[in-house]
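Please keep the sequence and the model in view while reading.

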Amino acid sequence: MTYALPVMLATLAGFGLRLTLLHRFPLREDEAVYAYWALHAWRVDPMFLHVWPDKPPLFLWLLGGAFQAFGLSEASARWPSIACSTLLIPVVAATARRAWGPRAAIVAAAALALSPYAISFGPTAFTDPLLVLAGTLALCLAVYGRAGAAGLFLGAAVMTKQQGLLYAPLVMAALWAALPARPEGGAGLVRTWLWLGAGAATVMAPIVYWDSLRWAVAPSPWDLSARHYTALALLPLHAWPDRAAAWGALAWQLAGSWAAWMLAAALIAGGLVRGRATGRGARLNAVIGAWGAGFLLLHVVTTVQVWDRYLL
């Protein structure tokens, strides 16, 4: 079985499954707010001097462009996220192929294309599909050793939503995992990380400058986010069990049934065994595992809101 055809079929299937939900549900509260902000920026106030969003502007600019291109409708608001959710499938496949081989890529593409959790958030006007696509592109390029290009998409993730910062340690560690052994040792890794930072700054610096032009009359989205969602803080120990239960209930929906979870566990275990046997992707296994555990732990022990889309 070749690699390209199954991944292409998985991508087309994923697109079709997401497209069927295009008109299924009305916009939720946050989606409607994002749509309003996007329209306001395109038609009235491009600097957001009178309406103050609490998200960085990249997704809002993209959403406004979708309204300009496709007209003013709920479907238009959902097209960017459907595109991002669909494009994520071949990006995940390319990452898996580089790290673990073509079979892993095909399994990863099929799993993401058919995931009810991923499908349900594809046709939305939330920021998260663009955030996940940008962050995963950064990871993919890091796995291929392209530090500067990875930085561009890491910067795009951060300028889509504040949680984009959480991709930074993952991408940095993935660059370490992809770095070949060289006599220069740590110096090569530092140089690689500098390229990553330069790429991120290329995207972030102009947007931060744009934001700074507003500060005399309008707060930054980063400041507003801390006001609206509560500043990130460590919770007391007695609150952790309830938080773990709440996040666990949401995490269960990533597969949604014992059969799906057992299949996923079997695939992961098989991949780990094969990775150890061949030596391919071993360091990346550790990186993704540690980052995933740290991501969940951070959400359990801090004041991050318990919202399902954060697990995308």
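Helices (H or I, at least four residues) and strands (E, at least two) are DSSP runs, numbered from the N terminus. By that rule the chain has 14 helices and zero strands, and its pattern along the sequence reads α-α-α-α-α-α-α-α-α-α-α-α-α-α.

The model is predicted: local features need pLDDT of at least 70, side-chain atom pairs count only at pLDDT 80 or more, and totals for chains, interfaces and linings use all residues. Residues are numbered from 1 along each chain as its sequence is written, and side-chain values use heavy atoms, with hydrogens and water left out.

Now the overall form. The C-alpha trace spans about 60 × 50 × 45 Å along its principal axes. The radius of gyration is taken over C-alpha atoms, and the globule rule is 2.2 Å times the number of residues to the power 0.38. For 312 residues a compact globule would come near 20 Å, and the chain agrees with its 20 Å.

Contact means heavy atoms within 4.5 Å. Of the contacts between residues at least 6 apart in sequence, 77% join residues at least 24 apart.

Next, burial and surface. Buried residues (under 20% relative accessible area; exposed is over 50%, partly exposed in between; 1.4 Å probe, protein chains only) account for 45% of the 312 residues. The chain exposes about 15,500 Å² (Shrake-Rupley method), of which carbon and sulfur atoms supply 72%.

One place to look on that surface is helix α1, residues 4-19, where M8 is found. M8 counts as partly exposed because its relative accessibility is 44%. Together with L5, L9 and L12, M8 makes a nonpolar surface patch of about 390 Å². Patches are made of residues with over 30% relative accessible area and no salt bridge, with like charges joined within 9 Å and nonpolar side chains (Val, Leu, Ile, Met, Phe, Trp, Tyr) within 5 Å. A salt bridge is a side-chain nitrogen of Lys or Arg within 4 Å of a carboxyl oxygen of Asp or Glu.

Key. Accessible areas come from the Shrake-Rupley method with a 1.4 Å probe; for residues, only the protein chains shown count as cover.
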